Amino acid sequence: MRIAGAVRTVAVAAACSFLLTSCGSSGDGGGSKDDEGGSGSGHTDGRAADLKRIPDVGDRLQSKIPKNTRQVVAVYGDGENATTSTVVLYTKTGSEKTGSAKNGDATDTTDATWKKTRSWPAHNGKRGWTTAHHENDKRSPVGVFTLSDAGGVLADPGAKLPYSRSASIQAPHYWPKSHWHDFDYVIAIDYNRAKGTPPNDPTRPQGQEKGGSIWLHMDHGSGTSGCVSLSKSGMEYLLTTLDPKLHPVVVMGDRAALKA
């Protein structure tokens, strides 16, 4: 059994070819963006009321959030074909209980609420979003996905998720220099991947044509090939905050698709 925060050093040479067709691209450019609010650690909305559900997410996707999930990374895309989005971390507080009254009637009590913890400006696929992602479409997949594994080129910053440090994750240096640090920190999104493996493991259970290697990773200032990217400080915050004991998931898509 893995001790939380321990570094798994791996070398998955075969994964390099998969990276070239997933996150990152030699055609992007631009610099990185600061966190919303200029704080360097994300923006906290002190005005936000306690929430019984994730805002602006319709019943279809809301119902796919596991009952035991207490951390949600919501990615709100600005439009179906837009490359810009906002990442918001929500944390559930309070308790939910289901029991039986003395007379045999079922009772449900809850004081659990979602709180907006942090938010960051972000980028998604350079062609926007899709509900039917496939290899090389340059769109980010819409849906609810678990977050099980992390890694990167840099040393473990204190991640609670299993963290694999490996030079094999590094973006190739024939890409523009602005992309070289994209994969310094990575959180694997469990879309068409084997959970419990390093982020760059090439296994794709649904087949190659469905695409894969969809990650949260560091931003280079423009659209990705399907991943979601945000600032280094944002990635560090997520890595040190997302806890497998709280069953974190990402809910992601353009705003219209999220509400559908």
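## Contacts and overall make-up

Among contacts in the protein chain between residues at least 6 apart in sequence, 70% join residues at least 24 apart. The model is a predicted one, and its protein chain holds four helices together with 14 strands. Of the 260 residues in the protein chain, 50% count as buried, while the accessible surface amounts to about 11500 Å², with 52% of that area belonging to carbon and sulfur atoms.

## The nonpolar cores

The largest nonpolar core is made up of 44 residues, and those with the most contacts inside it are Ile 54, Val 72, Ile 187, Ile 189, Leu 216 and Leu 238. Strand S2, which covers residues 71–77, gives the most to this core, contributing five residues. Another core, of eight residues, lies apart from the largest one and includes Ala 171, Trp 175, Phe 183 and Cys 227.

Leaving aside residues up to four places away in sequence, Leu 238 touches Val 73, Leu 89, Trp 120, Ile 187, Leu 216 and Leu 230.

## Cavities

A search of the whole structure finds two cavities of 30 Å³ or more, and the largest cavity contains about 70 Å³ of space. Its lining consists of 13 residues, of which Asn 192, Arg 193, Pro 199, Asp 201 and Ser 213 lie nearest the centre of the cavity. Sorted by class, the lining of the largest cavity has seven nonpolar residues, three polar ones and three charged ones.

Ser 213, one of the residues lying nearest the centre of the largest cavity, is found in the loop between strand S11 (186–189) and strand S12. Phi of Ser 213 is near 55 degrees, which is a positive value in a residue other than glycine. Ser 213 counts as buried because its relative accessible area is 10%, and the cut-off for buried is under 20%.

Asp 56 also has a positive phi, of about 60 degrees, although Asp 56 is not a glycine. This residue is found in the loop between helix H1 (16–19) and helix H2 (59–62). Asp 56 has a relative accessibility of 41% and therefore counts as partly exposed.

Ser 222 is found in the loop between strand S12 (215–218) and strand S13 (228–230). With a relative accessibility of 16%, Ser 222 counts as buried. Ser 222 and Asn 124 are 98 residues apart along the chain, yet their C-alpha atoms are separated by 8.2 Å.

Technical notes. Residues numbered from 1 in each chain as written. Predicted model: local features only at pLDDT ≥ 70, side-chain atom pairs only at ≥ 80, totals over all residues. Heavy atoms only, no water. Helix = DSSP H or I, 4+ residues; strand = E, 2+ residues; numbered from the N terminus. Buried < 20%, exposed > 50% of the residue type's maximum accessible area, 1.4 Å probe, protein only. Contact = heavy atoms within 4.5 Å. Areas by Shrake-Rupley, 256 points an atom, 1.4 Å probe, with all protein chains shown as cover. 1 Å grid on protein atoms, 1.4 Å probe; cavity = no way out; pocket = protein on both sides within 12 Å on 5 of 7 lines; lining within 4 Å. Points joined across faces, edges and corners; volume = space filled by probe spheres on them. Nonpolar A, V, L, I, M, F, W, Y, C, P; charged D, E, K, R; others polar. Core = buried A, V, L, I, M, F, W, Y, C linked by side-chain atoms within 4.5 Å.
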